[in-house]
Amino acid sequence: MSPNKRRRTSSRCEEQKNMQKHTADECFYYHTLDTLPPEVLEIVLRLLPLHDVATAVRLVSRSYDLFRRCLNVATIVLNASFLIAGTKLENAMKHIESMIMKVKTGADLLTFSRVFNILEMVMAQYKMLRAVTWRYTHPSKPEKFSRLCFYAGSLLDNLNSLLHRAINCPVSLLGLQRPDSNIFFFISDCKRFMNYFEKISECRVNR
């Protein structure tokens, strides 16, 4: 190959590399939190653990605009997850009720009745959470104050995990003599969050 042809070939290769690098840079730029449409960002956030949405995403503070953007979308995702959790819980209880109707032994009846009682405990906690937070996270007249975020992401993750177990392996919610320890951890988290929400978030609105 002649020297001139080598130089032309080398030049074309360099141009192709530069174009590929430029394209890669553009792809990277257009897939940041700053540039994603809110609807797409919401879809992405729904794939993350809710604990991460409530902390790493919701509290992004590189710039004020980015902070408001992430806060608003994270609030939508977390509040919607809290709302959907109630429906999931009702469905789980109906599922266990249907299994109780189908049992053939006294032992199975006792087992699934205990599972149902555990879900009633969880439902009682969920209703208390709603009683404390609902008028702030889902206000009927949002113009009176800014909608607050149900920012207990880890609590929602734990609840979703419990409901998944209730549907797919109900007996896993049972301990030897009492409910599985995760049930008590969930109840404790609920109480801790409600106390914090009332003292901090609610006071900011009502002061």
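Analyst: A residue counts as buried under 20% relative accessible area, exposed over 50% and partly exposed in between, with a 1.4 Å probe and protein chains only. By that cut-off, 34% of the 207 residues of the protein are buried. The model is predicted, so local features need pLDDT of at least 70 and side-chain atom pairs pLDDT 80 or more, while totals for chains, interfaces and linings use all residues. Numbering starts from 1 along each chain as its sequence is written, and side-chain values rest on heavy atoms, without hydrogens or water.

The protein has seven helices and zero strands (DSSP runs numbered from the N terminus, H or I of at least four residues for helices, E of at least two for strands). Its pattern along the sequence is α-α-α-α-α-α-α. Among contacts (heavy atoms within 4.5 Å) with a separation of 6 or more, 72% join residues 24 or more positions apart.

Helix H7 is the part taken up here. H7 covers residues 181-206 and packs on H6, residues 153-168, at an angle of about 150° with the axes 10 Å apart (axes are lines fitted to C-alpha atoms over the stretch in contact, and angles run from 0 to 180 degrees between N-to-C directions). H6 is therefore roughly antiparallel to H7 (over 145 degrees; under 35 is roughly parallel, 65 to 115 roughly perpendicular, the rest oblique). The crossing of these two helices is left-handed (the near helix is turned anticlockwise from the far one by less than a right angle; clockwise is right-handed). On the H6 side the contact is made by Leu-155, Asn-158, Leu-159, Leu-162 and Arg-165, and on the H7 side by Asn-182, Ile-183, Phe-186, Asp-189, Cys-190 and Phe-193. These residues divide into seven nonpolar, two polar and two charged (nonpolar: Ala, Val, Leu, Ile, Met, Phe, Trp, Tyr, Cys, Pro; charged: Asp, Glu, Lys, Arg; polar: the others, Gly among them).

Arg-165 of H6 is one of the charged residues in that contact. Arg-165 counts as buried because its relative accessibility is 19%. Leaving out residues up to four places away in sequence, Arg-165 touches Pro-170, Ser-172, Leu-173, Asp-180 and Asn-182.

H7 also packs on H5 (residues 106-137), at about 10° with the axes 9 Å apart, so H5 and H7 are roughly parallel. Residues of H5 in this contact include Ile-118, Met-121, Met-128 and Tyr-136, and those of H7 include Phe-186, Cys-190, Met-194 and Phe-197. By class, there are 15 nonpolar, three polar and four charged residues in the H5 contact with H7. Ile-183, Phe-186, Cys-190 and Phe-193 of H7 meet both H6 and H5. Asn-195, also in H7, is partly exposed at a relative accessible area of 41%. The C-alpha atom of Asn-195 lies 9.2 Å from that of Val-132, 63 residues apart along the chain.

H6 has a further partner in H3 (residues 50-57), packed at about 170° with the axes 6 Å apart. H3 and H6 are therefore roughly antiparallel. Leu-50, His-51 and Ala-54 of H3 meet Gly-153, Ser-154, Leu-156, Asp-157 and Asn-160 of H6. The class count for the contact of H3 with H6 is three nonpolar, four polar and one charged.
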